[in-house]
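Work through these exercises with the sequence and the 3D structure at hand. Try each task before you read its solution.

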Amino acid sequence: MKEKKPNILLIVTDQLRADCLGCYDGYPVRTPHIDALAAEGMVFERAYTPLPTCCPARQSMISAQRPERHQGLWNYPAGGTGWLHASPDFWPGQLKSMGYRMAYLGKWHVSPKETPLDFGYERYVDQQEYVKYREAAYGPIAPANGWFGEVDQAPLEAAKTHWLASLACAQIEEYAKEEAPWHIRLDFEEPHLPCLPCKGFYRQYEGMEIPKWSGFEETFEKKPYIQKQQLYSWGVEGWGWKEWQEVVRRYYAVISQIDDAVGRVLGTLKKCGRQENTLILFTADHGDMCGSHRMMDKHYIMYEDVVHVPMIAVWTGRIRAGTRNEDFVYQALDLGPTLMDITGGEPNATDGRSLLPLMRGETPADWRQAVVSTYNGQQFGLYTQRMLRTRDWKYVWNTTDVDELYDLNADVGELHNRIYDPACQEMVKAFRRELLAVLLREGDFLVSQSWMRDQLLGRTQKL
């Protein structure tokens, strides 16, 4: 008898740091439902985004291609870049061709002209539907504190997190009545700034002394100019931890609110008796500085705060409960190959690899020993970066400013740039050669001509 294809529940959050989930043992954020989910499957300790900005990361999640290959280089609302165009060869189209029922609920940010319906989904609920609902019930949403957030005075059921969760619950109940396999992507916009937690979740952290990020005590000594400039761009150059911890408090609260919404969805899955044959994946597009290094948002940096993301996989009977994997994975690039491997589809040309062997507890001998993340610019100007992250070190090639090198064991907060340390020069040369090999193999336009290849290999003098 042919084995039934699994249902696939993909939960994506926006700008969620890996160290802000309880199961990652970082900061004191309360996430009991996600932690319980993690205990039922595998936590990927070293999951990384290919580019820590919304649109490119999400385009890669659909295409399994690096942004430099699909040409979505930064967030398209800022103009001047391409975006991903629909293809039946991408994994959503493949799932549809295999008879999957397909629903996409929440944030999109893959194309300004095409929707999930063009990529293979049969149902799509846009975030604008929430805006219409919320404005009709409670008036316009206009945070008085701007990007820094505030407490939402509306009831929890009116919050976007729980409005979206209710849609997901209804969709699961509908699909549970059928025999066909299904895929639901539940995409929360939170905890992307501005954070607007409901009162109940904010009170969980009210009055609590919020610990400083490990990278907060930043001096910007020997760091690229643009990092300190970011403080002035956001108007936070005079902020100390007293100001920042209020922003972080709201960030914590929204994450706990997401956790509650996820708990409701998982409860419905169990109630409908569909958890047994459902692959549940939980991840984020990228992280958030949220005051780390005294900075806002996620631009012009390659710190762990923004490139390291959570990734959890649960598949009852296939993935052993309570396991933690320490291999390097890409939450976006590896998703498509993994789903095609599991369902028997034919993946398109991809820059990722299937995670199925890792889910089985087997690490292939040729599995990657490092990850590369990239950056190409955004609303404050174009600025190219390429990062190579090994288990112990991080090298960042900043093409128009000083490079960066961090000893991640001795300097968890990435505060001390050792790029000029004489003891590290041979290591830097090796990292540059390794980075170049990856960029060439994966078709990165930045090294398509000799000038930039020469710069990376250190044949020209930089600051």
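**Exercise 1. How are α1 and α9 oriented to each other?**

Solution. α1 and α9 are oblique to each other. Angles under 35 degrees count as roughly parallel, over 145 as roughly antiparallel, 65 to 115 as roughly perpendicular and the rest as oblique.

Now the background. This is a predicted model, in which local features need pLDDT of at least 70, side-chain atom pairs count only at pLDDT 80 or more, and totals for chains, interfaces and linings use all residues. Residues are numbered from 1 along each chain as its sequence is written, and side-chain values use heavy atoms, with hydrogens and water left out.

Step 1. Find the helices. Helix α1 covers residues 32-39 and helix α9 covers residues 241-271. Helices (H or I, at least four residues) and strands (E, at least two) are DSSP runs, numbered from the N terminus.

Step 2. Take the geometry. Two packed helices are described by the angle between their axes and the distance between the axes. For α1 and α9, the angle is about 50° and the axes are 7 Å apart. Axes are lines fitted to C-alpha atoms, for helices over the stretch in contact, and angles run from 0 to 180 degrees between N-to-C directions.

Step 3. List the contacts (heavy atoms within 4.5 Å). P32, H33, I34 and L37 in α1 meet D259, D260, V262, G263 and L266 in α9. By class, this contact of α1 with α9 has five nonpolar, two polar and two charged residues. Ala, Val, Leu, Ile, Met, Phe, Trp, Tyr, Cys and Pro count as nonpolar, Asp, Glu, Lys and Arg as charged, and the others, Gly among them, as polar.

**Exercise 2. At what angle do α6 and α9 pack?**

Solution. Step 1. The angle is about 10°, and the axes are 9 Å apart. That makes α6 roughly parallel to α9.

Step 1. Look at both sides of the contact. From α6 come T161, H162, A165, A168, C169, I172 and E173. In α9 they meet residues including Q257, I258, D260, A261 and R264. The contact of α6 with α9 divides into eight nonpolar, four polar and four charged residues.

**Exercise 3. Which elements give two or more residues to the lining of the largest pocket?**

Solution. Step 1. Start with the space. The largest pocket holds about 1,100 Å³. On a 1 Å grid over the protein atoms alone, a cavity is a set of points where a 1.4 Å probe fits but cannot get out, and a pocket is an open set with protein on both sides within 12 Å along at least five of seven lines; lining residues have an atom within 4 Å of a point. Grid points are joined across faces, edges and corners, and a volume is the space filled by probe spheres set on the points.

Step 1. Go to the centre. Of the 43 lining residues, K107, Q127, K160, E189 and H192 are the closest to it.

Step 2. Name the elements. They are α5 (127-138), α6 (160-175) and α9. The largest share, six residues, comes from α5.

Step 3. Sort the lining of the largest pocket. It has 19 nonpolar, 12 polar and 12 charged residues.

**Exercise 4. Which residues line the largest cavity?**

Solution. Step 1. Count the cavities. There are three of 30 Å³ or more. The largest cavity has about 70 Å³ of space.

Step 1. Read off its lining: W147, F148, P191, L193, C195, V247, Y251, D288, C290, M296 and D297. Nine of these are nonpolar, none polar and two charged.

**Exercise 5. Is Y205 buried or exposed?**

Solution. Step 1. Locate Y205. It is in the loop between α7 (199-203) and α8 (225-234).

Step 1. Check its accessibility. Y205 is buried, because its relative accessible area is 0%. Buried means under 20% relative accessible area, exposed over 50%, partly exposed in between (1.4 Å probe, protein chains only).

Step 2. Find its partners. Not counting residues up to four places away in sequence, Y205 touches P28, V29, R30, R249, Y252, A253 and S256.

**Exercise 6. Which residues does T323 touch?**

Solution. Step 1. T323 counts as buried, because its relative accessibility is 9%.

Step 1. Leave out residues up to four places away in sequence. T323 then touches G41, M42 and V43.
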